[in-house]
Amino acid sequence: MSDTQAISSSAQVVEAKPAPVVAVDDNPILFYCKDCAEIVETRRVGGKYVYTCKKCGTKNVAFGTKKSIYGFFKLADKEKAKLREEKREEKRRMQMEKSSKSLPPRAV
Ligand SMILES: [Zn+2]
C-alpha cells in the first residue's frame, strides 16, 4: 500500500490564502431590483432615468455604485453570512475527511 505517499502529498495542500482584494476604482454601477431582492440586469425606459428589471419587468429598481447598493441593501452582510456558511461547510468536510483518514481512537 502507498499510504505514506498519499499523506505526504496532501500535507502541502492546505494553506489558507487571504481573500483577493479587488480594487474597485471604477466603482461600477449596479442595479438592484427590490422585487427580486437581488442585483439584476435592467432595461432603460425611454430617455428617462427609469429602469425596468429584465427579470420581473417592474420599475422597482434602484441603482447606484456597488458600494452604495451593497451598503444600502445590506448585501455585504448577506454575502458575508453566506461565505461564513460556506466556510463552515468546508471545515466540516475537511474534519470529516481528516477523521476518516486517521486511525480510530483506541478504546481505553
Ligand atoms: Zn425584478
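Two strands are said to pair if DSSP finds at least two bridges between them, and this idea is needed to read the sheet in the structure above, which is a predicted model. In that sheet, for instance, Tyr 32 stands opposite Ile 39 in β2. The chain as a whole contains three helices and five strands, and, read from the N terminus on, its elements follow the order α-β-β-β-β-β-α-α.

**The chain as a whole**

- Of the 108 residues in the chain, 4% are buried.

- Strands of a sheet pair through backbone hydrogen bonds, and they may do so in a parallel or an antiparallel way.
- Here three strands form an open sheet in the order β2-β1-β5, and their pairing is antiparallel.
- The edges of this sheet are taken by β2 (38-39) and β5 (61-65), each of which has a single partner strand, and therefore one side of each is left without a neighbour in the sheet.
- Strand β1, which covers residues 29-33, is joined to β5 by five bridges, and the two strands run antiparallel.
- Within this pairing, Leu 30 has Gly 64 of β5 as its bridge partner, while the bridge partner of Cys 33 in β5 is Val 61.
- On the side of β2, strand β1 pairs over two bridges, again in the antiparallel sense.

- Ala 37 is not a glycine, yet its phi is positive, at about 60°.
- The place of Ala 37 is in the loop between β1 and β2, and the hairpin of these two strands has four residues between the strands.
- Lys 74 is found in the loop between α2 (66-72) and α3 (75-101), and it is exposed, with 10 other C-beta atoms within 10 Å.

**Residues that meet across the sequence**

- Thr 65 is found in strand β5, and with 14 C-beta neighbours inside 10 Å it counts as partly exposed.
- Which residues does Thr 65 contact, leaving aside its neighbours within four places in sequence? They are Asn 27 and Ile 29.
- Thr 65 and Ile 29 are 36 residues apart in sequence, but their C-alpha atoms are 4.3 Å apart in space.
- Glu 38 has its place in strand β2, and it is partly exposed, with 14 other C-beta atoms within 10 Å.
- The C-alpha atoms of Glu 38 and Leu 75 are separated by 8.6 Å, although the two residues are 37 residues apart along the chain.

Terms used:
Residues numbered from 1 in each chain as written. Predicted model: local features only at pLDDT ≥ 70, side-chain atom pairs only at ≥ 80, totals over all residues. Buried ≥ 20, exposed ≤ 12 C-beta atoms within 10 Å, placed from the backbone. Contact = placed C-beta atoms within 7 Å.
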